[in-house]
Amino acid sequence: MGWREGAGELDARMLERPLFSDAVGKLGAWLAEDGAPYADGTGAHAVRYIPGSWAGIRPWPSGLAEQVGRKPTLLSRAQVLAVARTGVATASWTETLVASYVWGQGDNGYGAYRLGEILRPGQVEAVLAQTIALLATDGAVAGYRRLSGAIAGLGPAFFTKFLYFAGGAVVDAPGPRPLILDQRIARVLRAYTTRLGEGIGLRNPRSSLPGCGATAGGLRTATTCT
């Protein structure tokens, strides 16, 4: 069986294999105790960024530090969520994309250039607004599908961060809250589905597995998980 024929069956088989009950129980216990500050997905967890490195990025969220200087500054999940809540109030989502992108890139030296290229096309705000409308009515998967490949340079590692924070602000969205798909999650899913793909007879299961350059649950991901 080739990967094109097997991808649909692979998705179906994965849906038949939820997490083991003991794993779910351990996760719940952690969230009730040591992980309690992170139970809602926000909290004080923060990354360092250099505000001056992002000079020229527009629009710039007012909740982030002024775009000057080289002194490292912290950006928390709670701050990004606050930007997303402002997005709900103003029906404007580009600042949420900016805040989530800065949070995801941290203090590396190339993030601002990449974000500038992503924001250059004029349709970015319209695509984000359409995505949020789908998220609000149809849930996370619809949002993933709308953003997948919709904005040049915005791959799953970063558009899922946008959806993660937007999903925390759009409180009435149906179904589970959007989750982040980055390289760490992709590697775990790839290892798991490689074994499963081999078990159902895929000739080249690695080319059709969730993660970077793969198909998962109807979501076509980019080659480099950017």
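Trainee: What share of the contacts in the protein chain with a separation of 6 or more comes from residues 24 or more positions apart?

Mentor: The share is 62%. Keep in mind that this is a predicted model.

Trainee: How many helices and strands does the protein chain have?

Mentor: There are nine helices and four strands. Along the sequence, the pattern reads α-α-β-β-α-α-α-α-α-α-α-β-β.

Trainee: What percentage of the 226 residues is buried?

Mentor: Buried residues make up 42% of the protein chain.

Trainee: How many residues of H8 are buried?

Mentor: The count is 14 of the 14, so H8 is largely enclosed by the rest of the structure.

Trainee: Now for pairs. How are two packed helices described?

Mentor: By two values: the angle between their axes and the distance between the axes. Take helix H6, residues 124-138, against H8. They pack at an angle of about 55°, and their axes are 11 Å apart. H6 and H8 are therefore oblique to each other. Their crossing is right-handed.

Trainee: Which residues meet in the contact of H6 with H8?

Mentor: From H6 come Leu128, Thr131, Ile132 and Leu135. From H8 come Phe162, Leu163, Ala166 and Gly167. By class, these are six nonpolar, two polar and no charged residues.

Trainee: Why do residues three or four places apart point the same way in an α-helix?

Mentor: An α-helix has 3.6 residues a turn, so residues at that spacing point the same way. Look back at the H6 contact list with this in mind: Leu128, Thr131, Ile132 and Leu135.

Trainee: At what angle do H4 and H5 pack?

Mentor: The angle is about 155°, with the axes 10 Å apart. H4 is residues 94-105 and H5 is residues 111-119. Angles over 145 degrees count as roughly antiparallel. H4 and H5 are therefore roughly antiparallel to each other. The crossing of H4 and H5 is right-handed.

Trainee: Which residues of H4 and H5 meet?

Mentor: Thr94, Leu97, Val98, Tyr101 and Gln105 in H4 face Gly111, Arg114, Leu115, Ile118 and Leu119 in H5. This contact has six nonpolar, three polar and one charged residues.

Trainee: Is the peptide bond from Arg58 to Pro59 cis or trans?

Mentor: That bond is cis, with omega near 0°. Pro59 lies in the loop between S1 and S2.

Trainee: Where is Pro72 found?

Mentor: Pro72 is in the loop between strand S1 (46-49) and strand S2 (73-76). Pro72 is partly exposed, at a relative accessible area of 39%.

Trainee: Which residues does Pro72 contact, leaving aside its neighbours within four places in sequence?

Mentor: They are Arg48, Tyr49 and Ile50. Now compare sequence with space. Pro72 and Gly106 are 34 residues apart in sequence. From C-alpha to C-alpha, Pro72 and Gly106 are 9.7 Å apart.

Terms used
Residues numbered from 1 in each chain as written. Predicted model: local features only at pLDDT ≥ 70, side-chain atom pairs only at ≥ 80, totals over all residues. Heavy atoms only, no water. Buried < 20%, exposed > 50% of the residue type's maximum accessible area, 1.4 Å probe, protein only. Helix = DSSP H or I, 4+ residues; strand = E, 2+ residues; numbered from the N terminus. Axes fitted to C-alpha atoms, helices over the stretch in contact; angles between N-to-C directions. Parallel < 35°, antiparallel > 145°, perpendicular 65-115°, else oblique. Left-handed = near helix turned anticlockwise from the far one by under 90°. Contact = heavy atoms within 4.5 Å. Nonpolar A, V, L, I, M, F, W, Y, C, P; charged D, E, K, R; others polar.
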